[in-house]
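Open your viewer and get ready to click along. Each stop tells you what to select and what is there.

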Amino acid sequence: MPLDYEWRGDIVKHSAIIGNGEKFEAMLRKMAGLGPSDPILVETGTHKGLSAALAAKYFAAVHTWDLRPRDVARTVWTKECVADRVIQHEGQVCVGALPERFDAAFIDSEHTFEGCRRDFDVVHVCGLVLFHDYDPKFTGVIRFVEGIVDVYGGAVYRDPPFALWFGDEREWD
Ligand SMILES: C[S@@+](CC[C@H](N)C(=O)[O-])C[C@H]1O[C@@H](n2cnc3c(N)ncnc32)[C@H](O)[C@@H]1O
């Protein structure tokens with residue numbers, strides 16, 4: 001069930017992900033279903049922790065990175081009873097601190113071409129990467145996603161404001 005934070009104004013006033021919560025959850029459910037029974041997600045861009053809270057309902061563990069971790073995120077995870085499944089990291093996602101195994105990634109940090117490339121270069125080894133804000137307002141995200149198959153191979157499923165990259169050429173239905 002989508003999180004509804006409209007009535008929780010004391011915690012979170014706005015999050016773009018909530019506006020697309022049902023679509024995001026459908027994506028998460030399918031992505032998690034493609035992995036092992038204990039799928040692990042890596043996220044870039046924690047912000048107030050809402051996307052991680054949703055993801056932790058489908059993934060056994062969510063590792064999330066932000067340049068500026070906020071206390072409110074942990075409050076949200078505690079209220080949503082997922083705090084034991086979310087691991088918060090500070091800084092840019094980097095190879096050294098990644099979990100040994102992860103089955104999918106969600107990129108929602110710096111919405112520039114270079115930001116997408118930097119995150120994607122690190123996380124695409126998992127073979128399943130979801131981008132948020134695949135939207136004309138974010139030209140860097142659009143430009144990166146549109147060039148992704150030429151550079152990395154695989155296939156892209158587009159459902160704005162999301163785009164999902166597969167390392168293989170499977171179809172998403
Ligand atoms: C759009 S918000 C993420 C929203 C969150 N995923 C959600 O839906 O609830 C983007 C976040 O990325 C963080 N950020 C920006 N550049 C970053 C970078 N290079 N590495 C990690 N986090 C970054 C910002 O501090 C901000 O909190």
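The tour goes from the whole chain to single residues.

**Stop 1: the whole chain.** Keep in mind that this is a predicted model. Show it as a cartoon. Now trace the chain along its sequence: the pattern reads α-α-β-α-β-α-β-β-α-β-α-β-β. How much of the chain is buried? Of its 173 residues, 40% are buried. Look at the contacts too. Among those between residues at least 6 apart in sequence, 62% join residues at least 24 apart.

**Stop 2: Phe-59.** Select Phe-59, in the loop between α3 (50–55) and β2 (61–66). Is Phe-59 buried or exposed? Phe-59 counts as buried because it has 27 C-beta neighbours inside 10 Å, and 20 or more are needed. Draw a distance from Phe-59 to Leu-41, C-alpha to C-alpha. The model puts them 6.5 Å apart, although 18 residues separate them in sequence.

**Stop 3: the core.** Keep Leu-41 selected. Leu-41 is among the residues with the most contacts inside the largest nonpolar core. In soluble globular proteins, nonpolar side chains tend to be buried together.

**Stop 4: Val-145.** Which residues does Val-145 touch, not counting those up to four places away in sequence? Select Phe-131, Tyr-134, Val-156 and Ala-163 to see them.

Methods
Residues numbered from 1 in each chain as written. Predicted model: local features only at pLDDT ≥ 70, side-chain atom pairs only at ≥ 80, totals over all residues. Helix = DSSP H or I, 4+ residues; strand = E, 2+ residues; numbered from the N terminus. Buried ≥ 20, exposed ≤ 12 C-beta atoms within 10 Å, placed from the backbone. Contact = placed C-beta atoms within 7 Å. Core = buried A, V, L, I, M, F, W, Y, C linked by C-beta atoms within 7 Å.
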